[in-house]
Amino acid sequence: MSFFLVLTVVLCAVMLGSAGMALYHKNLAATVIAAGLVSLVASIIYLILAAPDVAMTEAAIGSGLSTVMFFYVLKRVRGGENG
Amino acid sequence: MNTLHIIGGAVSILGALFLLLASIGLIRMPDVYNRMQAGTKATTFGTIMFLAGIGIASPGWIPKLIVLVVFIVLTNPISSHILARAAHFAGVPLADRSVTDKLAEHRQKAGDK
Amino acid sequence: MADLLFIIAGSIAILAGLLGLIRFVIGPTLPDRVVAFDVLTIISISVISLIAHLAGRVIYLDAAIVYGLLSFLGVIVVARYVERGL
Amino acid sequence: MEYVALATGLILVILGLYGIVAQRNIFRIIIGFSIFDTGLHVVLVSIAYLKNRTAPILDEAVSKGEAASKIVDPVPQALVLTAIVIGVAITALMLTFALKMYEKRKTLDIEKFEDLKW
Amino acid sequence: MVKKLVAIAILAGIAFMLYGLFASYTQKETLPKTSRYYAIKGPDELGSANLVTSVVVTYRGLDTLGEVTILFTVASIIGFFLRSRTKREARAENPRETSEILHTGVAFLVPIIFVFGAYVFIGGHLSPGGGFQGGAIIASGTLLLFLAQPKTSGGHTLITFVESVSGIAYVGIGIAGIFLANGFLDNRILPVGEFGTIFSAGAIPIIYSLIGLKVGAELSAILYKLKDAKEDA
């Protein structure tokens, strides 16, 4: 019953919850932020699993740059996104 | 060694309590602007305390922790400022209990829409 | 056992993160969610430093620095999107 | 805890695939793809983990001689490192195509694009 | 409705297969053969303290070259599909002004971010990090510049120049490895040096810096094109 085990269970639950939110929330911008949250939590899990390189990449790319790309496109399709 | 660990742990718990306060404020506050207030100021202080605790427990890590604290102190106010500004421009209403809105007065005076 | 106090501090921080997550889920407007996201990133910086301490590796802190620098980028992008200035 | 992470990764893969298959909005399909991607990375990293070992970086904590008995597997980590960058490149490509499709039809509904339907 | 049922049936099949994978997974006690070789021989052979770096840059260096090529192809395809707006169109657009706090903060932060990115990829053989992370950090810095000044356009030439030069130098160092050392992308064209110092591990810091510059330039180009895309096709 180590601390890391509890932390992993909590983080995995958060990750699954935000993945569900990313797939099913009505607001498109909220889904993008939820997908960013999945990456953010995933990078903490990588750090627990002793992979700091992967954690850094995921933090820089997964939750930083890809969120930005999604928002650049979301700005263009604003208004016609539903349907 | 052990004393340093105990002192550091106590300081870290203090910081973590500030983080908890921030989260409670995030839930209890009535509108975006108040939540932002709770969410950024308390977390900045709480994180600094937390990192200070870790620095006390292992003194060899202090240079990197100082870099981390400097980055947090630099970035956090900017993000909270621009978020508050964006919420105001996007027309998120203030809570009923708020009494002043200087930015709205200023924008009215400047003739902004 | 020497790290018990740190584990308690980490548990409090995780509790704070879960409370922040409630605001992330229910937040009525987009700025609410972004504020919650910001708070979650800062709490995760603390959690990463704690993991580094418990694992005894100073190199894990580099990941925390990347977090501190880049979490703010996402917040700025969403803010510019909300105020229609992107 | 590696079992927990492995199970989470596999569930994320299934969730992402369900998002890809079941959603109608192209934007949501791309988000499903990105979740699928993250799930695969979690699976690979958790397979690389060995019990009670630490990161494959040698410094004061891990000396050169005891490296083989103290570090986790570095090869899957290197694989994931490249996979993340390629994943973001592919996401950018899919977003570009989605943008062009939106400009042609003014909609993102995948059911409206039926030129090649049979 | 039928479609949804078919989809759920297929997913159930995939889920069953994945469950089989999960149930048959047993944890290893020791490293696999290849990784054991890398862990025992790697530090002495290549002089890199970060074993992930030695795998990415040298042992599996050709894969990294392929990956950089994929990034380059993606950047080219995006450039082919999205035409940028001209300068006059950029001026005609009217996004909301950025605030002065953001301007000042960005002017203060961007140099720090660039320096930190350089630290990440130059120290890639000692600490976590390397070309991809450093490149992503540098791309984030340029992105901050775009965000603070939405109306400016330019910098294309610089991005293209950095990308081409670092790509050519990367392949050139790889070919130099054929002649001066044992094979393509061998890092021992320079002395391996003392283990654990910044000037060690042969050519790994140079190769990783070049990868970092190239990845940073390519990610910046992708972001730039997505930002500047013209409205009409």
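**Chain interfaces and salt bridges in a predicted complex**

Chain A and chain D bury about 3,800 Å² between them, 79% of it on carbon and sulfur atoms; buried area is the accessible area (1.4 Å probe) that two parts lose on being put together, summed over both. This is a predicted model, in which local features need pLDDT of at least 70, side-chain atom pairs count only at pLDDT 80 or more, and totals for chains, interfaces and linings use all residues. Residues are numbered from 1 along each chain as its sequence is written, chains are lettered from A and ligands numbered from 1 in the order in which they are written, and side-chain values use heavy atoms, with hydrogens and water left out.

**Chain A with chain D**

- Leu23(A), Leu49(A) and Phe70(A) supply 19% of the area that chain A buries against chain D, more than any other three residues.
- Contact (heavy atoms within 4.5 Å) links 44 residues of chain A with 44 residues of chain D.
- The interface of chain A and chain D has 0 salt bridges, a salt bridge being a side-chain nitrogen of Lys or Arg within 4 Å of a carboxyl oxygen of Asp or Glu.
- There are 4 residue pairs in polar contact between chain A and chain D, both residues at pLDDT 80 or more. A polar contact is a pair of N or O atoms within 3.5 Å; within protein, one must be able to donate a hydrogen and the other to accept it, and residues adjacent in sequence count only if both atoms are side-chain atoms.
- On the side of chain A that touches chain D, at least two residues each come from helix 1 (3–24), helix 2 (28–48) and helix 3 (52–76) of chain A. Helices are DSSP runs (H or I, at least four residues), numbered from the N terminus.

**Chain B with chain C**

- Between chain B and chain C the buried area is about 4,100 Å², and carbon and sulfur atoms give 80% of this.
- Trp61(B), Lys64(B) and Leu83(B) supply 16% of the area that chain B buries against chain C, more than any other three residues.
- In this interface, 49 residues of chain B are in contact with 49 residues of chain C.
- Chain B and chain C have 2 salt bridges between them. In one of them, Arg35(B) pairs with Asp32(C), with the closest N and O atoms 2.3 Å apart.
- Lys64(B) also forms a salt bridge, with Asp62(C), at 2.9 Å between the closest N and O atoms. This pair joins two chains, because Lys64(B) lies in helix 3 of chain B and Asp62(C) in helix 3 (residues 61–82) of chain C.
- Asp62(C) is buried, with a relative accessible area of 1%. Buried means under 20% relative accessible area, exposed over 50%, and partly exposed in between (1.4 Å probe, protein chains only).
- Thr47(B), in helix 2 of chain B, is buried at 0% relative accessibility. Beyond its neighbours within four places in sequence, Thr47(B) is in contact with Leu19(B), Ile72(B), Ile42(C), Ile45(C) and Ser46(C).

**Salt bridges within a chain**

- Over all chains the count is 5 salt bridges.
- Lys100(D) and Glu103(D) form one of them, with the closest N and O atoms 3.7 Å apart. Lys100(D) is buried at 18%, and Glu103(D) is buried at 12%.
- Asp63(E) and Arg60(E) form another (3.7 Å, N to O). Asp63(E) is partly exposed at 45%, and Arg60(E) is partly exposed at 43%.

**Confidence**

- Chain D has a mean pLDDT of 83, and 99% of its residues reach 70 or more; pLDDT is the predictor's confidence in each residue, from 0 to 100.
- The predictor gives the complex an ipTM of 0.89 and a pTM of 0.90.
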